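Keep the viewer open as you read.

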Amino acid sequence: MTTPTILEKIKAYKLDEIAARKAERDQTAIEAAAREADAVRPFADALQQATIEGYGLIAEVKKASPSKGLIRADFDPAAIAEAYAAGGATCLSVLTDAPSFQGHEDYLVAARAACDLPVLRKDFMYDPWQVAEARALGADCILIIMASVSDAQAQELEEAATDWGMDALIEVHDRTELERAADLKSRLLGINNRDLNTFVTDLATTRDLSRRAPVDRILVSESGLTTPEDLADMAQYGARCFLIGESLMRQDDVAAATRRLLADPLVSGR
Ligand SMILES: O=P(O)(O)OC[C@@H](O)[C@@H](O)c1c[nH]c2ccccc12
């Protein structure tokens, strides 16, 4: 027997978690809750708009990660959401997975209520029930990680998102996943610089995959981005949107750090 990968372990506990939650709220109940949620805030449109004048930033509310442990001790999701918005973020991403990221659904609700930005539910999705749950929480976009789903699952999740009026961010890490993602309809294509099984982060991932991506996609470079130079580097390869968590979450003044990061002289000094 081979040892399971990290993504396989996550999938195993996630499927248990989904089964337990479904026992409390089945499809009908969760759909009723989703129908009563706050109206969807356009996520992909906001990013597309942002790239006309500058960069699009999905700023991530991230308390901890499996590779780094606790990232921020004084973790207040509402305060961080406000700071990101004040600093010029386009959208938010909020981790709701508890076992690996110390996330929580309440953090998404609190962060979204604290600002006007569209919000991505950052979690490992396998089941359309989770998409309805995300909408019930107020989420405007979901994440589909090609490394952890089949083609059929990806399509089913994407359809569920579309049915709820939400966007989907399709995440890839290698050329095979990129080819599979090309068959999906979503405009948003995330290139994860981090390998989710080894936690190795390399910006060369965006450099390589961006050239091979379908031209009609909005490219989002994800993970391991720290400086304005990193952003300018990725933008040269066609990725003008960014998903950034750790480097901003470690700052004392999150709003000022967000502003500094986005103030690329090449962009703002036109
Ligand atoms: O904190 P970073 O290195 O800026 O990365 C943010 C985001 O890209 C990362 O949290 C992430 C990207 N894809 C994921 C999938 C699951 C969990 C987390 C992630």
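**From fold to ligand shell**

Take the contacts in the chain between residues at least 6 apart in sequence: 69% join residues at least 24 apart. Two residues are in contact if their C-beta atoms, placed from the backbone, lie within 7 Å. This is a predicted model: local features need pLDDT of at least 70, side-chain atom pairs count only at pLDDT 80 or more, and totals for chains, interfaces and linings use all residues. Residues are numbered from 1 along each chain as its sequence is written.

The chain has 14 helices and ten strands. These are DSSP runs, numbered from the N terminus: helices are H or I with at least four residues, strands E with at least two. Of the 270 residues, 46% count as buried. Buried means 20 or more other C-beta atoms within 10 Å of a residue's own, with C-beta atoms placed from the backbone.

Now find helix H7, residues 128–137. Nine of its ten residues are buried, including Glu-133 and Arg-135. Among the elements covering them are helix H1 (6–24), strand E6 (141–145) and helix H8 (151–163). Just after H7, Gly-138 takes a positive phi of about 110°.

Last, the ligand. 15 residues surround it, the closest being Glu-222, Ser-223, Leu-243, Gly-245 and Glu-246. Strand E10 (241–244) and helix H12 (246–249) each give two or more residues to this shell.

Terms used
Buried ≥ 20, exposed ≤ 12 C-beta atoms within 10 Å, placed from the backbone. Near = placed C-beta within 6 Å.
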